Amino acid sequence: VQLQASGGGLVQAGGSLRLSCAASGSIFSINFAGWYRQAPGKQRELVATITSSGTGNYADSVKGRFTIFRDNAKNTMYLQMNSLKPEDTAVYYCYAVLRVMAAAPNGQYWGQGTLVTVSS
């Protein structure tokens with residue numbers, strides 16, 4: 001199983017980006033997923049999570065600006081980021097809690113990270 005994160009880049013403050021996280025390989029079900037970010041010199045922080053039914057939860061710092069959603073048919077999760085601020089600059093990592101087969105326990109997998117840079 002691999003998670004491939006993409007969509008990062010350079011954007012001006014106030015702009016938008018959409019990150020994608022595509023899961024590939026032998027996947028039975030994706031239960032829980034989300035995004036973390038790590039800014040230079042700071043600890044990794046949780047940005048948003050999404051349940052198997054599509055319910056999203058957000059860090060206070062991004063609430064109202066970011067939207068997490070998923071396409072179960074494509075095993076892909078997205079993070080729509082609007083009204084970006086310079087303090088959103090970070091490497092964004094996706095993760096997923098999934099099963100590779102019905103009888104398997106849940107396992108946690110991570111993507112490689114994608115850099116988001118917001119200029120002022």
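Is Val-100 buried, exposed or partly exposed? With a relative accessible area of 27%, Val-100 is partly exposed; here buried means under 20% relative accessible area, exposed over 50%, and partly exposed in between, computed with a 1.4 Å probe on protein chains only. The model shown is predicted, with local features requiring pLDDT of at least 70 and side-chain atom pairs counted only at pLDDT 80 or more, whereas totals for chains, interfaces and linings use all residues. Residues are numbered from 1 along each chain as its sequence is written, and side-chain values use heavy atoms, with hydrogens and water left out.

View 1. Leaving aside neighbours within four places in sequence, Val-100 is in contact with Val-1, Ser-26, Ile-27, Phe-28 and Tyr-109, where contact means heavy atoms within 4.5 Å. Val-100 and Ile-30 are 70 residues apart along the chain, and their C-alpha atoms are separated by 8.8 Å.

**View 2. The largest pocket and its lining.** A pocket is an open set of points on a 1 Å grid over the protein atoms alone, where a 1.4 Å probe fits and protein lies on both sides within 12 Å along at least five of seven lines; lining residues have an atom within 4 Å of a point. The space in the largest pocket amounts to about 180 Å³, a volume being the space filled by probe spheres set on the points, which are joined across faces, edges and corners. Of the 17 lining residues, Ile-30, Arg-70, Asn-72, Asn-75 and Thr-76 lie nearest the centre. Two or more lining residues come from each of strand 3 (17–24), strand 4 (29–38), strand 7 (66–71), strand 8 (76–81) and strand 9 (90–99). Strand 4 gives the most, with three residues. The lining has eleven nonpolar, four polar and two charged residues; Ala, Val, Leu, Ile, Met, Phe, Trp, Tyr, Cys and Pro count as nonpolar, Asp, Glu, Lys and Arg as charged, and the others, Gly among them, as polar.

**View 3. The disulfide between Cys-21 and Cys-94.** A search of the whole structure finds one disulfide, defined as a pair of cysteine sulfur atoms within 2.5 Å. The sulfur atoms of Cys-21 and Cys-94 are 2.1 Å apart. This pair links distant parts of the chain, since Cys-21 belongs to strand 3 and Cys-94 to strand 9, 73 residues apart. The torsion about the S-S bond is about 65°, so the disulfide is right-handed. Both partners are buried: the relative accessible area is 4% for Cys-21 and 0% for Cys-94.

**View 4. Gln-80 in strand 8.** Gln-80 is buried, with a relative accessible area of 16%. The side chains of Gln-80 and Asn-82 are joined by a polar contact of 2.9 Å. A polar contact is a pair of N or O atoms within 3.5 Å; within protein, one must be able to donate a hydrogen and the other to accept it, and residues adjacent in sequence count only if both atoms are side-chain atoms. Not counting residues up to four places away in sequence, Gln-80 touches Ser-16, Leu-17, Arg-18, Arg-65, Phe-66, Thr-67 and Phe-69.

**View 5. Thr-89 in the loop between strand 8 and strand 9.** A polar atom of the Thr-89 side chain lies 2.9 Å from the backbone nitrogen of Val-118. Residues up to four places away in sequence aside, Thr-89 touches Ala-39, Pro-40, Val-116, Thr-117 and Val-118.

**View 6. Positive phi at Asn-75 and Ser-83.** Most residues other than glycine have a negative phi. Asn-75, in the loop between strand 7 and strand 8, has a positive phi of about 50° although it is not a glycine. Asn-75 counts as partly exposed, at 26% relative accessibility. Ser-83, found in the loop between strand 8 and strand 9, has a positive phi near 50°. Ser-83 is partly exposed, with a relative accessible area of 41%.

**View 7. Leu-115 in strand 11 (residues 114–119).** Beyond residues up to four places away in sequence, Leu-115 touches Gly-8, Gly-9, Ala-90 and Val-91.

Note on methods. Helix = DSSP H or I, 4+ residues; strand = E, 2+ residues; numbered from the N terminus.
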